[in-house]
Amino acid sequence: MPTAAQPRVAVRPTRAASPSDGGDTALRETLARFCTGVVLITGLEANEPVGFTVQSFVSVSLDPPLVSFCPQNTSESWPRIRSSGRF
């Protein structure tokens, strides 16, 4: 049964890639090689690991480094990762 749409949440990456450390190139090369597949989204909640898999993962931007993924609205793990503010 569908639920109401979740509000958008800003989640910051644990480490932003920067041109000075070669991260921009590494991110571009990694995302260019990923056309489809299963991705594991992980995070920490109260210093405990939490995660889930998604098939809906796409690169949005290299500057700033952004990706998009779509967790199932019944996911129990996503709210825990979202509340931490990073993944």
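**View 1. Aromatic pairs in the predicted model.** Searching the whole structure turns up 5 aromatic pairs. One of them brings together Phe52 and Trp78, whose ring centres are 6.3 Å apart; the planes meet at 75°, so this pair is edge-to-face. The two partners come from distant parts of the chain, 26 residues apart. Phe52 belongs to strand E2 (residues 48-54), while Trp78 belongs to helix H2 (residues 77-84). Please keep in mind that this is a predicted model.

**View 2. Trp78 and its partner Phe69.** Are Phe52 and Trp78 buried or exposed? Both Phe52 and Trp78 are buried. Trp78 also forms an aromatic pair with Phe69, and here the centres lie 5.4 Å apart. With 90° between the planes, the pair of Phe69 and Trp78 is edge-to-face. Why does Phe69 count as buried? Its relative accessibility is 13%, and buried means under 20%. Trp78 has a relative accessible area of 13% and is buried as well.

**View 3. A cluster of rings.** Which residues do the ring pairs link into a cluster? They are Phe52, Phe69, Trp78 and Phe87.

**View 4. The hairpin of E3 and E4.** Strand E3 covers residues 57-62 and strand E4 covers residues 65-69. The two strands pair in the antiparallel sense, with 5 bridges between them. To follow the chain from E3 to E4, look for the hairpin, which joins them through 2 residues.

**View 5. Stepping back to the whole protein.** How many helices and strands does the protein have? There are 2 helices and 4 strands. Starting at the N terminus, the elements follow the order α-β-β-β-β-α. Of the 87 residues in the protein, 18% are buried; Phe52 and Trp78 are among the buried residues. Contacts tell a further part of the tale: of those between residues at least 6 apart in sequence, 46% join residues at least 24 apart. Finally, the accessible surface of the protein is about 6,500 Å², and carbon and sulfur atoms account for 54% of this surface.

Key
Residues are numbered from 1 along each chain as its sequence is written. This is a predicted model: local features need pLDDT of at least 70, side-chain atom pairs count only at pLDDT 80 or more; totals for chains, interfaces and linings use all residues. Side-chain values use heavy atoms; hydrogens and water are left out. Rings of Phe, Tyr and Trp (its six-membered ring) pair if their centres lie within 6.5 Å; planes under 30 degrees apart count as stacked, over 60 as edge-to-face and the rest as tilted. Buried means under 20% relative accessible area, exposed over 50%, partly exposed in between (1.4 Å probe, protein chains only). Two strands pair if DSSP finds at least two bridges between them. Contact means heavy atoms within 4.5 Å. Accessible areas come from the Shrake-Rupley method with a 1.4 Å probe; for residues, only the protein chains shown count as cover.
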